[in-house]
Amino acid sequence: MLIRPRRNRKNQVIRDMVEENKLHLSDFFFPLFLTMGENQKVEVGSMPGIYRFSLDLLLEEINSCIKIGIKSFCIFPVVEDKFKDKYAIYSYSQENFYLKAIHKIKENFPDIVVMTDVAMDPYSSDGHDGIVEHGEIINDETLEVLGKMALAQAQAGADIIGPSDMMDGRIGYIRDALDGNGFTNTSIMSYTAKYASAFYGPFRDALDSAPKSGDKKTYQMNPANAREALLEARLDEEEGADIIMVKPALAYLDVIKNLSSYSSLPIAAYNVSGEYAMIKAAAANGWLDGKNAMLEVLISIKRAGAKIILTYFAKEYAELVQ
Ligand code: PBG
């Protein structure tokens with residue numbers, strides 16, 4: 001045999017030398033759940049190791065992440081039912097605890113990157129990402145709410161706005177709302193190819209934000225479609241997105257690959273709650289090696305072409321490589 005690929009695998013030094021992809025701590029966003037009150041740290045039942053924090057303890061959590069090299073966070077609010085309504089008015093109210101918290105976080109840690117979530121579902125009494133009228137999610141009226149929400153988040157100090165709602169035209173609408181108010185430096189990471197997925201289940205438990213009726217198939221993408229992601233990517237580029245995202249990650253590695261060859265924008269992927277829960281559940285049962293499964297999954301997302309990875313494993317990974 002002239003060619004023996006095993007020679008390049010014969011010891012760890014050579015394996016490291018020929019390694020094509022590496023994870024860096026700077027690749028990661030760590031998603032965090034913010035709840036009201038004080039001194040609250042409640043584990044999410046379906047996401048072992050992930051908590052809903054009140055602001056005081058969230059600040060401590062962020063501090064401990066910074067110390068081990070995690071500097072980017074996306075933060076999601078857990079909103080009490082009494083603040084939810086049909087039009088998600090609380091989302092851009094000056095009283096919103098989430099907006100106040102973003103301000104406080106940036107005041108305490110000016111050098112980190114904070115991404116906020118734009119979508120109506122945490123604030124919607126219908127549990128949908130847009131306004132529900134006669135059983136339909138109405139697009140253009142929803143844009144007005146999203147624009148106000150994005151602007152309020154930028155005013156609170158968000159570095160990156162993360163529209164996760166999948167309404168048509170929202171990136172351009174939000175870009176205009178930001179620019180028109182002087183926030184030309186606030187970035188947008190678009191949830192470009194967000195699929196109607198069963199893997200968001202644990203997140204909806206964490207936020208108590210599951211749809212009250214129907215599903216999200218009229219706005220989130222059909223899992224059967226790959227080419228359609230290119231259409232979404234083209235629109236988001238034209239409308240001014242800075243970073244485009246694929247979500248979930250693992251069942252959509254081909255989509256990550258396609259977008260990374262198609263677009264010159266940085267590609268992000270969201271390793272979602274259900275993908276985290278699967279590994280945690282199997283590891284807790286002794287059915288697989290949780291640590292190695294985590295490492296394999298994270299590198300697969302990078303290999304597929306995502307430079308940026310949003311993952312509930314971020315802190316655990318950082319602790320491991322420390
Ligand atoms: C809501 C939103 C969802 C997630 C992020 N933003 C859930 C949904 O669309 O129902 C899911 C994240 C995860 O599962 O980790 N706009």
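The chat below goes over a helix pair, a lysine and some backbone features of a predicted model.

User: What are the ground rules here?
Analyst: The model is predicted, with local features needing pLDDT of at least 70 and side-chain atom pairs counting only at pLDDT 80 or more, while totals for chains, interfaces and linings use all residues. Residues are numbered from 1 along each chain as its sequence is written, and side-chain values use heavy atoms, with hydrogens and water left out.

User: How do helix H2 and helix H3 cross?
Analyst: The axes of H2 (residues 55-67) and H3 (residues 97-108) come within 11 Å and cross at roughly 35 degrees. Helices (H or I, at least four residues) and strands (E, at least two) are DSSP runs, numbered from the N terminus. Axes are lines fitted to C-alpha atoms, for helices over the stretch in contact, and angles run from 0 to 180 degrees between N-to-C directions.

User: Left-handed or right-handed?
Analyst: The crossing of H2 and H3 is right-handed, meaning the near helix is turned clockwise from the far one by less than a right angle.

User: Which residues meet there?
Analyst: From H2, Leu-55, Leu-58, Leu-59 and Ile-62; from H3, Ala-101, Lys-104, Ile-105 and Asn-108. Contact means heavy atoms within 4.5 Å.

User: Switching to Lys-315. Buried or exposed?
Analyst: Lys-315 counts as buried because its relative accessibility is 17%. The cut-offs are under 20% relative accessible area for buried, over 50% for exposed and partly exposed in between (1.4 Å probe, protein chains only). Lys-315 sits in helix H11 (residues 314-321).

User: What is Lys-315 in contact with?
Analyst: Leaving aside neighbours within four places in sequence, Lys-315 is in contact with Phe-30, Glu-61, Ser-64, Cys-65 and Ile-68. The side chains of Lys-315 and Glu-61 are joined by a polar contact of 3.2 Å. A polar contact is a pair of N or O atoms within 3.5 Å; within protein, one must be able to donate a hydrogen and the other to accept it, and residues adjacent in sequence count only if both atoms are side-chain atoms.

User: Where is the cis peptide bond?
Analyst: Between Lys-247 and Pro-248, with omega about -10 degrees. Pro-248 is in the loop between strand S10 (243-247) and helix H8 (253-262).

User: What about phi of His-134 and Met-166?
Analyst: Phi is near 50 degrees for His-134 and near 65 degrees for Met-166. Most residues other than glycine have a negative phi.

User: Which is buried, and which exposed?
Analyst: Met-166 counts as buried at 4% relative accessibility, and His-134 as exposed at 81%.
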